[in-house]
Amino acid sequence: MSDGDQNPAAIPTPLPDVQGDGRWLSVHNHFITSSKDKEPEVVFIGDAMVQLLHQFEIWRELFSPLHVLNFGGLGEGTQHVLWRMVNGELDNIKPKIIVLWVGTFNHGNSAEQIAGGIQAIVRCLQQRQPQAKVLVMGLLPRGKNPNHLRDRNKKVNELLVDAMPSMPNAMFLDVDPGFVHSDGTISHNDMYDYLHLSRHGYARISQPLHKALLQLLEGRGGPKQQ
């Protein structure tokens with residue numbers, strides 16, 4: 001992008017209500033209301049990858065004991081998550097750690113735009129929650145076979161790793177346990193539709209994430225940068 005261009009992935013934008021039932025805004029308002037009587041130590045923020053984690057047993061086993069909230073939405077890109085953050089979801093809480101996982105659903109955006117959108121969210125979190133450490137989770141590979149979106153996600157991660165040293169209190173965590181096999185394929189046992197994680201897939205990524213959260217909560221630093 002030229003200097004005069006604005007990055008659409010970094011501009012706070014409400015998710016279009018294409019189905020006409022107002023669900024997305026209703027969920028956003030629910031997050032604001034439900035957080036008023038909570039004192040979470042950890043808040044998960046992001047897209048469907050975050051939201052669906054909440055539905056599996058691994059959430060209750062590993063993460064619920066850490067006093068967590070899940071602010072995951074469906075069908076969101078970075079610009080939609082950023083809109084939620086600047087419109088009240090952070091107003092009533094002061095967590096120690098914010099886990100951010102978003103970007104793979106940014107349709108039509110380049111790797112550079114997505115990485116810029118994620119960095120815009122991190123800056124917003126740092127401004128509104130200066131006491132919190134921000135753990136940015138890497139995007140996972142996707143698609144049964146090699147494809148351009150898998151390449152794009154890999155590039156986003158590389159850009160984020162390069163950017164982290166300039167972002168105070170933010171760190172990058174790669175939770176991919178090796179979903180891509182030696183022949184270049186991804187198993188439906190890990191991603192049932194080759195994008196969303198299965199129960200088994202979530203169990204695999206949750207172990208390194210849980211370890212990193214414990215390290216941060218116990219004041220033992222965090223994940224080592226790549």
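A salt bridge is a side-chain nitrogen of Lys or Arg within 4 Å of a carboxyl oxygen of Asp or Glu. By that rule, the side chains of Glu 89 and Arg 84 meet in a salt bridge, at 2.8 Å from N to O. The model is predicted: local features need pLDDT of at least 70, side-chain atom pairs count only at pLDDT 80 or more, and totals for chains, interfaces and linings use all residues. Residues are numbered from 1 along each chain as its sequence is written, and side-chain values use heavy atoms, with hydrogens and water left out.

**Salt bridges**

- The structure holds six salt bridges.
- Side chains of opposite charge can pair when their charged atoms come close.
- Arg 84 also meets Glu 76 in a salt bridge, at 2.8 Å from N to O.
- Arg 84 has a relative accessible area of 1%, so it counts as buried.
- Glu 76 is at 0% relative accessibility, so it is buried too.
- Another salt bridge joins the side chains of Asp 21 and Arg 23, at 2.7 Å from N to O.
- Asp 21 is partly exposed, with a relative accessible area of 42%.
- Arg 23 is partly exposed as well, at 46% relative accessibility.

**Aromatic pairs**

- The structure holds six aromatic pairs (rings of Phe, Tyr and Trp, the last by its six-membered ring, pair if their centres lie within 6.5 Å; planes under 30 degrees apart count as stacked, over 60 as edge-to-face and the rest as tilted).
- One of them is Phe 44 with Trp 59: edge-to-face, 5.0 Å centre to centre, with 70 degrees between the planes.
- That pair links distant parts of the chain, since Phe 44 sits in strand β1 (residues 42-46) and Trp 59 in helix α3 (residues 57-63), 15 residues apart (helices, H or I with at least four residues, and strands, E with at least two, are DSSP runs numbered from the N terminus).
- Trp 59 also pairs with Phe 63: the ring centres are 5.6 Å apart and the planes stand at 45 degrees, so this pair is tilted.
- Trp 59 and Phe 63 are four residues apart in helix α3, so about one helical turn separates them.
- Ring pairs link Phe 44, Trp 59 and Phe 63 into a cluster.
- Phe 44 and Trp 59 are both buried, and Phe 63 is buried too.

**Strands β1 and β2**

- β1 and β2 pair in the parallel sense over five bridges (two strands pair if DSSP finds at least two bridges between them).
- Val 42 stands opposite Val 68 in β2.
- In a regular strand the side chains alternate between the two faces of the sheet.
- In β2, Val 68, Asn 70 and Gly 72 point one way, while Leu 69 and Phe 71 point the other way.
- Five of the five residues of β2 are buried, so the strand is largely enclosed by the rest of the structure.

**Pockets and the cavity**

- On a 1 Å grid over the protein atoms alone, a cavity is a set of points where a 1.4 Å probe fits but cannot get out. A pocket is an open set with protein on both sides within 12 Å along at least five of seven lines, and lining residues have an atom within 4 Å of a point.
- Grid points are joined across faces, edges and corners, and a volume is the space filled by probe spheres set on the points.
- The largest pocket holds about 560 Å³ of space.
- Its lining has 27 residues, and Val 27, Phe 31, Gly 72, Gly 73 and Leu 74 lie nearest its centre.
- Helix α1 gives the most to this lining, with seven residues.
- The second largest pocket has a volume of about 310 Å³.
- Its lining has 15 residues, with Leu 139, Lys 154, Asn 157, Asp 174 and Asp 176 nearest the centre.
- Helix α6 (residues 148-163) supplies the largest share of that lining, seven residues.
- The whole structure has one cavity of 30 Å³ or more.
- The largest cavity holds about 70 Å³ of space, and its lining includes Asp 47, Trp 101 and Leu 139.

Methods. Buried < 20%, exposed > 50% of the residue type's maximum accessible area, 1.4 Å probe, protein only.
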